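Please look over the sequence and the coordinates below before reading on. The paragraphs that follow take one chain by itself and then turn to its contact with a partner.

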Amino acid sequence: MLPIEYYTGLSVILFTLGALGVLIRRNALIIFMSIELMLNSANLAFVSFARSYEGMSGQIFVFFVIAVAAAEVAVGLALIVAIFHTKRNIDVDQINSMKG
Amino acid sequence: MIPDLILFFGLALVAVASAIGLLLSRSAVYAALNLILNFTAIAVFYLVLDAPFLALMQVTVYAGAIMVLFLFVIMLLGAEKLSTGPTLPYQRPLSILLAVILLLEAAYALFFRSSPGAPPAPALAGFGSPQAIGETLFSAYLLPFEVVSILLLAAMVGAIVLTKKPRRRG
């Protein structure tokens with residue numbers, strides 16, 4: 001068993017890569033996948049701290065994060081489909097007006 | 001110790017490489033496949049960290065259900081090829097700079113403000129098992145569990161309403 005800093009360090013790197021993906025990509029689907037990557041790295045930090053402190057609460061939080069991520073993906077993908085139907089494009093630079 | 005290090009760095013390499021592949025991919029399908037690889041590597045990390053229930057949930061819910069939904073939408077929209085229009089000239093260097101700042105800040109907060117710890121002791125028997133998760137979930141966290149059911153219902157109704165064709169008035 002390695003010290004817990006290895007796992008939190010990996011989670012930091014993955015979170016930064018997810019944030020970088022949100023900043024440099026302009027396709028709404030890729031931005032959404034980068035958000036999932038950030039959620040996952042936070043989950044990894046939760047699990048490693050739960051292991052470190054020998055408490056179950058961290059793992060329960062991961063359970064809730066996964067449930068919320070599932071709900072978020074359902075609504076977010078529905079939004080992307082609706083935007084694509086009105087604008088024929090999912091480039092976030094083109095989506096600059098709220099009116100359909 | 002040595003097998004642990006080999007396992008950790010091999011899996012970490014897979015996770016980081018697939019995340020970078022997600023950032024650089026030219027096709028949305030490749031990006032989704034890279035993300036599935038990343039989720040699977042993290043599921044193996046959960047197994048190493050004594051969370052077998054969460055590892056299997058990660059594979060079924062994340063790598064299974066959520067990514068299938070992503071692939072389904074990519075195919076539905078026909079958005080496999082990503083448009084490569086002109087970008088803002090300062091966007092890429094600026095975002096890389098901001099990401100480096102974020103990385104340094106997070107590393108500082110994690111490593112230099114807390115004393116580095118020794119490897120944790122071996123976990124108690126049954127730590128992270130479905131039984132332990134269920135006992136905690138249905139005693140201390142019962143109310144959040146019920147709230148999650150309402151959240152999922154609201155998400156389901158919201159997705160149906162958003163994708164419905166607008167009704168013609170008349």
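What percentage of the 100 residues of chain A count as buried? In this predicted model, the share of chain A that counts as buried is 50%. Chain A has three helices and zero strands, and its elements, read from the N terminus, follow the order α-α-α. The radius of gyration of chain A is 17 Å, well over the 13 Å that the globule rule gives for 100 residues, so chain A is more spread out than a compact globule. Along the principal axes, the C-alpha atoms of chain A fill a box of roughly 50 × 25 × 15 Å. Among the contacts in chain A with a separation of 6 or more, 45% are between residues 24 or more positions apart.

Chain A also meets chain B, in a contact that takes 57 residues from chain A and 72 residues from chain B. On the side of chain B that touches chain A, at least two residues come from each of α1, α2, α3, α4, α5 and α6 of chain B, and α4(B) gives the most, with twelve residues. By class, this side of chain B divides into 59 nonpolar, ten polar and three charged residues.

Technical notes
Residues numbered from 1 in each chain as written. Chains lettered and ligands numbered in written order. Predicted model: local features only at pLDDT ≥ 70, side-chain atom pairs only at ≥ 80, totals over all residues. Contact = placed C-beta atoms within 7 Å. Helix = DSSP H or I, 4+ residues; strand = E, 2+ residues; numbered from the N terminus. Nonpolar A, V, L, I, M, F, W, Y, C, P; charged D, E, K, R; others polar. Rg over C-alpha atoms; globule rule 2.2 N^0.38 Å. Buried ≥ 20, exposed ≤ 12 C-beta atoms within 10 Å, placed from the backbone.
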